[in-house]
Structure formats: structure tokens, C-alpha cells
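Here is a short report on one protein model and its ligand. Look through the sequence and structure before reading on.

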Amino acid sequence: MTSLWLDDAPAIASDPLPAESRYDDVVVGGGLTGLTTALLLARSGRSVAVLEARTVGAVTTGNTTAKLSLLQGTKVSAIRRHHTHRVAQAYVDGNLEGQQWLLRYCEEHGVPVQRHTAVTYANTAGGVPTVKAELEALRDAGLEAQWHDGFDELPYDTHGGVSLADQAQFDPMDVLAALAADLRAHGGLIHEGVRVTGVSTGSPCTVTTDVGTVTAQNVVLATGMPILDRSLYFAKLAPMRSYCVAFEGVSAMPQAMYLSADQPSRSLRTAPRSDGRTLLIVGGSGHGVGRARSPQKHVDQLRQWTAKHFPEARETHWWSAQDYSPADQIPFVGPMPRGGGHVYVATGFDKWGMTNAVAAAIRLSAEMLGGHVSWAGPMRHRVTDPLAALKGVQLNAEVGALMTSGHVGAQLRPAPAAPPEGQGTVGRAEGLRPTAVSTVNGVTCAVSAVCSHLGGIVSWNDAEKSWDCPLHGSRFTPDGAVLEGPATTPLKPRDD
Ligand SMILES: Cc1cc2nc3c(=O)[nH]c(=O)nc-3n(C[C@H](O)[C@H](O)[C@H](O)COP(=O)(O)OP(=O)(O)OC[C@H]3O[C@@H](n4cnc5c(N)ncnc54)[C@H](O)[C@@H]3O)c2cc1C
């Protein structure tokens, strides 16, 4: 579904891709990471092109909640469980620089920003120690976090929480539109509808796309999950999907930006619109991509919860998106191993990319231009602790089990000729081939159920009407076109 932000997004210009084009730097991906990195490079006099498979903001950035906050749920205490104080401090310093850069940028470019207090609260008594640990971790990192026993403006009870004053929120498409216009003003180009399918490293690198070949000295993969498998990032990141619903008509609107630390996970923020309305966005109900029996039920959970606590709320939009959680909590940013020193990645923002994407862009552009940022070192040289290593092993054990159960499950029943409207089913077709059949808007499509990334069996997303791979988070339309994730080629047609 279309997010509140994408529904009335400002127009963003796209440039046709000339044949045989050559740039200093190619940035793959037109989200916040890609556009900020491209702008910083273009400002330094480099010739830069952004290659975007869909449209600017189409994937996670245009479907985010867009809180620009250093209080990120229980992130800093989670980092402290795996890493030294030095690494946690570096994470906070990098996020602070990303936040301050974006706030300055918005002010200079007339992008509306609302300043609010951020809150992480405990739903249950059992959640209190986790939230208190975050309070301590934030204070250790030099942030002036406060404890509260309750929050009067919420229409439900909590077990207390931590707050951090003077954080921010915005409309992410306003930010992307400003970055895109600025990039083009600095000579950068944005090519939408160009999907990168491979990169050969060298001097220059050759970037293969579905519409031609481009060469560049450096290539930045700002694609969410990196699209090249040579560094196995897909084995270190868990793709996590979650949901947002926007409502109008709420009379007593909570002003702070709230997030619960324990279940049920709920995120709240206001969203002022240009027509004078202020909407309430309720988020949460997340799960691993492709692993929920019915994603639609997760959207309904948010609706029911809102009806209970804000009975006058009237729904205007709902949407969903995914982001990638690293086993050891720290994003992967920098030169890609086996990338010849010319291919860079930025991923693993764990649903906190508004600050992390900008921090990554600052760090990548500095490294590519021969500079240095002080907080990058401790994160780059972090040691994987046994707990994170175990989480990584568990992640891959789950992937292995899902690979087997998916293929076995696909053989247990024949693929239907035509499922009911809005539904999709995986089954065996002629020659025992796993086949994914769906009916959407009266059109029945049959495609291979085998994910074109690494061969997982896709599962039906009854909310978004898509085929989602539970292994590494690739998603496809009913007729098999790539929507997002590490896959670069469609699901095979079934008349092959
Ligand atoms: C529900 C939800 C709520 C969130 N809320 C917050 C929040 O409140 N605060 C916060 O800080 N963070 C939040 N996040 C996280 C944040 O939105 C993301 O971390 C951030 O938007 C990631 O930006 P990105 O540019 O790296 O990725 P994206 O915005 O996904 O951009 C990647 C781009 O790469 C393109 N691409 C992919 N493959 C190819 C290819 N082969 N060729 C060409 N282009 C390609 C895609 O089409 C896409 O446009 C949230 C995330 C989710 C899922």
C-alpha cells in the first residue's frame, strides 16, 4: 500500500541513462543513504550518478516512520551487550553527527522538521530492566536521558520509560526531494528504473544493469541488503518487516515520539500535513520477512490496538516496509571485502536509518575522498563477540531449516489452478516444480516459487499481495518482478 509520505510526495526529476556512460562514482540506490552519499561526493566535484531500480524513496525510506532520534528503542544498551563502551560511544557519536547534519540540511533547504521528545517505555513490569539499561547506556554515552514513572498524555498505562529531549521527525520524501534537487544542482544525475545486476571490479569498475552498462571508479551499494553476494552480508543480517497505519481525527494527540521496548511493539508519532491536519502514525507488529502466516493480521493488530486507545481515530493510510538487523547491532559501512577497494556498502541500520544513513554517507564520502572520521575506527575494528557469533549461527540455521521446509512443503500439495481473489499458494506443478500461483485484481499468475537469489521458497504476503522470501528478504510482485531485497532477477515464469 502507499505510505502517507509517498501518497503526496514532491516530484523528483529522473534523467535518461545515456549509452556507455562513465562516472567517477556510481551510487546504487535512491534512498536516504544513496542520495546523501551522492550529494556529498558531487559537492566535492566528482561526477556522480545514482542508479535506482524503482523510484527515489520507493523502498524503505519512503515507507519509514522518520524519527530522527538518538533514543532508538533500546539500541545503545543492546550494543553494550556485545561491545565495549568505545564502540557504543562511536555509534552514538556517528548518529549524533548524522542527526545534526540532517537537521542543518533541512533548515538550510526549507524542509519542515518538528522537534519532539523521544520516549522508550515499558509495557510490562518485565520490560522495566531493559528500559533502565537503556537509560544507563545513554547516560554513559553522554546523553541527558531522563526516567519517568508514567506519561500523562498517553491514553494507556505504562511501567515508565526513558526520554531524550529535543529529538526530531519529518516527512522523509521532503528530505529526499531536497537532496535530489541539490544533487542535480551539483551536476549529479539520477537514473530511475535502472536495476543493477552486477559489478565487475577493476579500474574502472563495470556496472551491469538491466538497460546497459556503466563504468565508474567507485561503486557504492546503498541498496538496503547489498545486492552482491561476494561478501555474504545476507548471512549476517536479519530482514525485518513492520507496519504503519496513519489516522486522522485524534483529539488528544500525544506529542512525544513513543516506542515500546517490549511486546506489543508500538511506535507513535504525529505527522502534520500541508492541509492543516495532524495525523497520528501507529507502527509496530514486526516479524521476519516472509515468516508471518498472515501479514494482513499484523496490520489488523495495529488497527484494533488504535481503536481501543484512540477510539475516534479514522484510518487514512497503511503501509509496510523492511530493514536489516545485524547480529552484532552495528551497521556495516565501508569498503566491501573482495570489492578491490572500489566497491562500498552501507547497510544494517536496524530500523534506525534516518541518523545511520547520513552517518554512513559522511563516513563513506570521507573515506572515498581520502578523509577520515574519528568515530568510524572503533566500529570498523570491532570484534565479533561470542553472543553475536551465536546469533549469526542461529540466523543461518533458521535459514537452512526454512530452505528445507519450504521445498518439502511445496511438494505436499498440487499448485491450484486459480486461488481465490487476493490469495496466493505454493504447490507442485508439472515435473514437481515448486510453483507460486496468485490471483490479484482478477488476474491469476503462476511463477516459479524458487527465489532467484539463493533458492528459498517464497511465501504469500496477503497484506502487500507479494511473494516474499523468508531466507534473505527478497520480495516480488505476483508476476515475479523484483520489488526489493538482494535478488536482482525476477522469479522465473511458469511457461518456461
Ligand atoms: C517500518 C519502518 C519504520 C522505520 N522507522 C524509522 C524511524 O522512525 N527512524 C529511523 O531512523 N529509521 C527508521 N527506519 C529505518 C529507515 O527507514 C531505513 O534504515 C532507511 O530508510 C534505509 O535507507 P536506505 O537508503 O539505506 O534504503 P532504501 O530507502 O531502501 O533505499 C535503497 C534503494 O536501493 C534500490 N535498489 C535496491 N536494489 C537495487 C538494484 N539492484 N539496482 C538499483 N537500485 C536498487 C531500492 O529500489 C531502494 O530505493 C524504519 C524502517 C522501517 C522498515
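## The shell around the ligand

The residues of the shell around the ligand divide into 14 nonpolar, 12 polar and 5 charged. Here Ala, Val, Leu, Ile, Met, Phe, Trp, Tyr, Cys and Pro count as nonpolar, Asp, Glu, Lys and Arg as charged, and the others, Gly among them, as polar. Strand S15 (314-326) gives the most, with 3 residues. Helix H2 (32-43), strand S2 (48-52) and helix H8 (353-368) are among the elements that each supply at least two. Helices (H or I, at least four residues) and strands (E, at least two) are DSSP runs, numbered from the N terminus.

## How the model is read

This is a predicted model: local features need pLDDT of at least 70, side-chain atom pairs count only at pLDDT 80 or more, and totals for chains, interfaces and linings use all residues. Residues are numbered from 1 along each chain as its sequence is written, and side-chain values use heavy atoms, leaving out hydrogens and water.

An oxygen atom of the ligand is 2.5 Å from an N or O atom in the side chain of Thr61. For the side chain of Thr64, the distance from an N or O atom to a ligand oxygen is 2.9 Å.

## Helix H3

Is helix H3 (residues 75-82) mostly covered or mostly open? It is mostly covered, with 6 of its 8 residues buried (under 20% relative accessible area, 1.4 Å probe, protein chains only). Val76 and Ile79 are among the buried residues.

Definitions and conventions: Buried means under 20% relative accessible area, exposed over 50%, partly exposed in between (1.4 Å probe, protein chains only). A polar contact is a pair of N or O atoms within 3.5 Å; within protein, one must be able to donate a hydrogen and the other to accept it, and residues adjacent in sequence count only if both atoms are side-chain atoms.
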